[in-house]
Amino acid sequence: MTKQWLKIAASLAVLLPWQAQAELVIDIIGGTEAALPIAIVPFGNEGPTAQIDISEIITNDLANSGRFDPLPKRDLISDPHEKAEINFKDWRLLRSEGLLVGKVSTEDGELHKVQFQLFDVYKSQQLAGMRYQVPAGGLRRLAHQISDQVYEALTGEVGVFSTRLAFVTEVKGADGNKRYALQVSDADGANPRTVLQSKQPILSPSWAPDGERLSYVSFENGKTEVFVQEMRSGRRNSVAAFKGINSAPSWSPDGTKLALTLSKSGNPEIYILELASGKLSRVTHNSQAIDTEAVWMPNGKEILFTSDRGGRPQIYKVSVDGGRAQRVTFEGSYNSSADISPDGRTLTMVHGFKGKFYIAKQDLQTGTLQVLTESGRDESPSFAPNGRVILYATEQRGKALLAAVSVDGDNHRRFGESGTDVREPAWSPLRK
Amino acid sequence: MKLLKLTALFLSLIWFAGCTTTGGNQAGADGQNGDVMVEDRMGETSGIDGENASGTGIDGAETQVIVGEGDYTGDEINDPNSPLANRVVYFEYDSSAVRFEDQATLEAHAAYLGDNPNVTIRLIGHTDERGSREYNLALGERRALSIRQILMLQGASVQQFQVTSFGEERPDVEGFDESAWQQNRRVELIYIGQ
């Protein structure tokens with residue numbers, strides 16, 4: 001619960017005591033967040049109608065986050081587009097404390113002037129507002145940027161609507177052969193672009209901390225090989241093509257190294273590759289066990305990884321300099337595919353019991369584990385860069401698709417079925 | 001006796017024909033034909049060709065028969081009644097232990113490799129779809145290595161092997177139950193360029 005929210009809730013308590021109290025109670029006792037009502041008035045249009053409905057995208061962003069509950073359009077009492085048109089007294093009759101208005105104007109259909117203002121209707125006060133000039137092709141991006149500002153103004157936390165998702169798709173062609181693609185979309189799954197196509201499987205995309213490079217595993221040469229690809233130029237390099245397995249890349253927080261799984265010694269071990277020099281250092285030395293799926297702790301000094309050294313796959317932690325690994329997960333017979341929250345406090349992983357696989361989170365301080373999903377066919381969890389949501393892959397009626405769950409387990413969403421198998425999601429860092 | 005051998009040859013040719021018809025698909029499974037396209041953010045594409053090796057294994061090879069006055073001879077590896085005809089071994093869940101019923105098959109392959117030191121074989125490890133893809137990649141390799149170790153203990157030598165893992169990426173049977181999974185937890189034995 002943020003201070004901002006408390007203030008708003010407190011002011012609600014005076015004006016609408018029955019509702020405000022209910023919300024406060026839920027927040028404090030349950031420790032969960034009630035979705036915050038918000039009124040979003042469809043943006044005004046001057047000139048040719050824009051191809052992209054900005055206020056619609058913002059409404060979907062905020063609703064999908066699970067933190068907001070946009071009022072239905074029919075409940076909006078008028079359609080103001082700027083402060084002068086708002087009668088705050090009227091808007092106070094609604095249960096929403098936030099009011100977002102704005103307008104879009106264009107003369108030539110190409111260059112658009114966009115402005116938005118977010119108000120606290122009880123204080124008649126502007127919380128955020130901006131004016132922009134963007135080309136038509138930038139309207140979608142701008143909508144997500146405005147969503148971020150609204151989210152931050154009302155929750156006090158960073159929004160992730162203008163980040164991106166990477167994932168792998170698989171389609172079976174008319175010739176019966178499978179085609180694989182590595183794609184990058186907006187955070188809401190819209191606007192997907194293919195950055196790599198192959199007849200062979202692609203695995204384990206991992207974003208560099210600058211959000212400008214992706215590392216991944218490709219089978220295009222008949223066996224696993226790790227590549228690093230620049231998003232803007234499409235240029236790429238093979239960085240690991242040793243004998244045996246070359247897989248599971250994970251970027252160091254400073255973006256200079258990759259942790260990798262290599263089996264060139266005859267057994268899968270974790271290595272660290274310094275990208276500039278090509279220098280390779282070995283981290284794990286357990287020749288009987290599978291050690292794989294390294295992920296860096298945000299401090300850059302430790303690595304979490306999956307190992308079956310105890311008989312079954314579990315998550316372990318080890319210093320990047322090597323040394324003794326410490327077991328981290330103890331509940332369940334199968335824990336793998338770790339990802340770590342940006343604050344380094346919460347681990348998410350694939351948690352298997354009774355032959356089914358779920359997304360779970362574990363508090364690294366207390367060790368408390370919570371299962372967040374239900375399908376039993378869930379894999380590849382990836383934290384949003386603000387740590388609020390976990391993106392993962394699941395299956396529904398034989399189709400692979402992406403889904404997301406809030407870290408408190410309250411909000412679930414799926415990225416719609418597209419007829420294509422979609423998997424291996426990786427949430428990008430924040431836009432710099 | 002001659003009739004018997006001819007019958008055996010005929011059968012092996014039928015078997016062989018069956019295999020060559022699936023050869024086209026197998027080349028894909030060998031993973032040697034990865035045409036790859038890279039696309040940049042502005043929508044321009046640049047092509048990067050993967051290797052275009054033909055990747056045919058034993059299934060795409062041609063046998064030689066000697067047509068003459070005497071007995072026909074073929075290579076025992078193409079005898080459908082030989083344990084050598086068995087080119088896939090299966091595993092229990094999350095296990096790389098060889099099952100009792102596959103021991104005779106592996107003994108035969110080990111003996112063949114021991115007798116033919118110039119023959120090389122590709123071992124391709126696979127898993128079922130359960131669990132993490134990266135862990136399964138490692139598990140597939142562990143299965144292939146476990147087969148290699150058994151073959152080496154029985155007479156094959158290390159340079160005769162190529163070991164690859166596809167993890168869960170190339171299921172033999174699509175499906176979400178044990179009947180599919182048990183057919184996907186496997187190591188394929190593919191003789192190279194015979």
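Tutor: Before we start, two strands pair if DSSP finds at least two bridges between them, with helices (H or I, at least four residues) and strands (E, at least two) taken as DSSP runs numbered from the N terminus. We're looking at a predicted model, in which local features need pLDDT of at least 70, side-chain atom pairs count only at pLDDT 80 or more, and totals for chains, interfaces and linings use all residues. Residue numbers start from 1 along each chain as its sequence is written, while chains are lettered from A and ligands numbered from 1 in the order in which they are written.

Student: What is the strand order in the open sheet of chain B?
Tutor: This sheet has four strands with mixed pairing. Its edges are strand 3 (88–90) and strand 5 (161–167) of chain B, each pairing on one side only. The twist averages 20° from one strand to the next, with axes being lines fitted to C-alpha atoms, for helices over the stretch in contact, and angles running from 0 to 180 degrees between N-to-C directions. The order reads 3-6-4-5.

Student: Which helix of chain B packs on that sheet?
Tutor: The one you want covers residues 133–153 and touches strands 3, 4, 5 and 6 of chain B (contact: C-beta atoms, placed from the backbone, within 7 Å). Its direction makes about 150° with that of strand 5 of chain B. That's helix 4.

Student: How much of chain B is buried?
Tutor: Chain B has five helices and six strands, running α-α-β-β-β-α-β-α-β-α-β from the N terminus on. Buried takes 20 or more other C-beta atoms within 10 Å of a residue's own; 12 or fewer is exposed, in between is partly exposed, and C-beta atoms are placed from the backbone. Of the 194 residues in chain B, the buried share is 32%.

Student: Is P192(A) buried or partly exposed?
Tutor: P192(A) is found in the loop between strand 8 (178–186) and strand 9 (193–198) of chain A. Leaving aside neighbours within four places in sequence, P192(A) contacts Q183(A) and S185(A). Because P192(A) has 17 other C-beta atoms within 10 Å, it counts as partly exposed.

Student: Which residue is the bridge partner of F167(A) in strand 8 of chain A?
Tutor: Strand 7 (residues 164–172) and strand 8 of chain A are antiparallel over nine bridges. They form a hairpin with five residues between them, and G176(A) in the turn has a positive phi of about 85°. F167(A) has as its partner Q183(A).

Student: And which residue is the bridge partner of T169(A) in strand 30 of chain A?
Tutor: Strand 7 of chain A also runs antiparallel to strand 30 (residues 421–427) of chain A, joined by five bridges. There, T169(A) is partnered by V422(A).

Terms used
Two residues are in contact if their C-beta atoms, placed from the backbone, lie within 7 Å.
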